Amino acid sequence: MSITAIKGFNDILPGEVEKWHHIEAAARDVFSRFGFSEIRVPILEKTDLFARSIGDTTDIVEKEMYSFIDKGENRITLRPEGTAGVMRAFIEHKLYALDPLSKLYYMGPMFRYERPQKGRYRQFHQIGAEVTGVANPKIDAQVLTMLSRFFTELELDEPTLEINSLGCPECRPAYRETLKEFLRLKLDALCEDCCRRFETNPLRALDCKVEGCKTATAGAPAMLEHLCTGCDTHFASTREYLELVSTRYRINNRMVRGLDYYTRTTFEMVTGLLGAQSAVAAGGRYDGLISDLGGPQVTGIGFAVGVERVALLLDAAKFSSSPDLFIVALGEQSERRAFSIACELQARGVSVEFDYDGKSMKSQMRRADKLSCSFTLIIGESELASGKAPLKEMATGVQTEVTLDTDSIANHLKS
RNA sequence: GUGGCUAUGGUGAAGUGGUUAACACUUACGACUGUGACUCGUACAUACGUGGGUUCAAAUCCCACUAGCCACCCCA
């Protein structure tokens, strides 16, 4: 067996990439309409950045990071998500000094050492967007609307938006205790994992898929009912703005987050079409993150879209493109002529194919058909002599005589 | 890290102990010597993931390993 790719690392082959181009183009198009600029940050960062931002005790940091020591004995990590790096850059370059309000987006590979399964890979790709410096819930609603817009531009109506509020350092600790009080009485009904997480992350029990846990937590107190006044009005206002522009959403008061930095608004775009992986995009507000990382006291909100997961929802067949013209050439002189005509047409924006190996006319026609070329131009001895050649429209079989110069060929292709 | 399933050519796949590994697609060439798509013909696995074992005989049974997939955990 020859060398294969690393487990969980995939090649994106021709036929599949077109889908990716489409997704990326839709993101660029939509995000820029909402005033976002692209930012490109490194794939490797110091390990501490992720440990501090994502949270020391999260699964990502505890067991999923690709971390190693480089030759200078620096502890570095292949980024498991995008927000930390973007915020590091925001702080490092003091972008806030220029304008505390920034709207940034990024796209690229992320790495997590997990067992691969459907819609989950060790190298995967995210398209993300981050806003800093706006505390007003208008931005929550706008970011959510932009995310919804992105999916509708892709003609995907399946993923639905779910939102929740996780409160803030003011109200979450109290709620956490209230919830623990409730769960304490149900401990024997909860699954092993939930019991284990009782101290570290009791909120997770609300999102557990085990039947016993679902029934046991059915009447559990909800975060939404324990928000402080500030968080409560923030959430209400977010909803109001969403409704103002008819952005469809559903409240899911059991949604929790795997990263520590989230506060207040959190959300996911969920689908039932991807097996165990229901989230195709997720995000939330992170009001404390930037200052935690040594930056100024500015708020943030953002999301990340799982590109593989979106790609899984899209039909690959729809995005292939085919050449405008195939030039069939018979004989050496014709081949030379075909070569230069092709080159000239390519220079003016026409996509042209021709045969490289002096194959038979039948072979060349077959190839033209296989590549779904719109037109075929046939050049042989007599065409060279007369300066005119048949141009065949493949779909209809209709053939017209054209003069053998790029202008007239190009003109005929347009019609 | 744990569990389940699977492993035959470029692809999808038949074949569950016995001489030539079915079929379809793809690819190449040809029938139509200068016109594709339809049709027809021809060609294409030093042999069945790897290593061992059982047997007179294994792609077919057993064991181990590896890989892939799906699921748990967690997440995009």
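Trainee: Is Glu73 buried or exposed?
Mentor: Please keep in mind that this is a predicted model. A residue counts as exposed when its relative accessible area is over 50%. The relative accessible area of Glu73 is 67%, so Glu73 is exposed.

Trainee: Where is Glu73 found, and what is its phi?
Mentor: Glu73 lies in the loop that runs between strand 3 (66-69) and strand 4 (75-78). Most residues other than glycine have a negative phi. Glu73 is not a glycine, yet its phi is positive, near 60°.

Trainee: What phi does Glu155 have, and is this residue buried or exposed?
Mentor: Glu155 sits in the loop between helix 6 (137-153) and strand 7 (160-165). Although Glu155 is not a glycine, its phi is positive, at about 60°. With a relative accessibility of 63%, Glu155 counts as exposed.

Trainee: Is Phe375 buried or exposed?
Mentor: Phe375 belongs to strand 14 (residues 375-379). The cut-off for a buried residue is under 20% relative accessible area. Phe375 has a relative accessibility of 11%, and therefore counts as buried.

Trainee: What distance separates the C-alpha atoms of Phe375 and Val352?
Mentor: Along the chain, Phe375 and Val352 are 23 residues apart.

Trainee: How many helices and strands does chain A have, and why is chain A described as more spread out than a compact globule?
Mentor: Chain A has 16 helices and 16 strands. For its 415 residues the globule rule gives 22 Å, and the radius of gyration is well over this value, so chain A is more spread out than a compact globule; the radius of gyration is 28 Å. The C-alpha trace spans, along its principal axes, about 95 × 55 × 50 Å.

Trainee: What separation do the centres of domain 1 and domain 2 have?
Mentor: The domain assignment places 17-171 + 227-317 of chain A in domain 1. Domain 2 is given as 322-414. Taken over C-alpha atoms, the centres of domain 1 and domain 2 are separated by 49 Å.

Trainee: Among contacts in chain A between residues at least 6 apart in sequence, what percentage join residues at least 24 apart?
Mentor: Buried residues account for 50% of the 415 residues in chain A. Of the contacts between residues at least 6 apart in sequence, the share that joins residues at least 24 apart is 70%.

Trainee: How far apart are the mean positions of the positive and negative charges of chain A?
Mentor: Chain A carries 51 positive and 58 negative charges. The distance between their mean positions is 2 Å.

How values were computed. Residues numbered from 1 in each chain as written. Chains lettered and ligands numbered in written order. Predicted model: local features only at pLDDT ≥ 70, side-chain atom pairs only at ≥ 80, totals over all residues. Heavy atoms only, no water. Helix = DSSP H or I, 4+ residues; strand = E, 2+ residues; numbered from the N terminus. Rg over C-alpha atoms; globule rule 2.2 N^0.38 Å. Buried < 20%, exposed > 50% of the residue type's maximum accessible area, 1.4 Å probe, protein only. Contact = heavy atoms within 4.5 Å. Lys, Arg positive; Asp, Glu negative; His and termini not counted. Charge placed at Lys NZ, Arg CZ, Asp CG, Glu CD. Domains from an automatic or database assignment.
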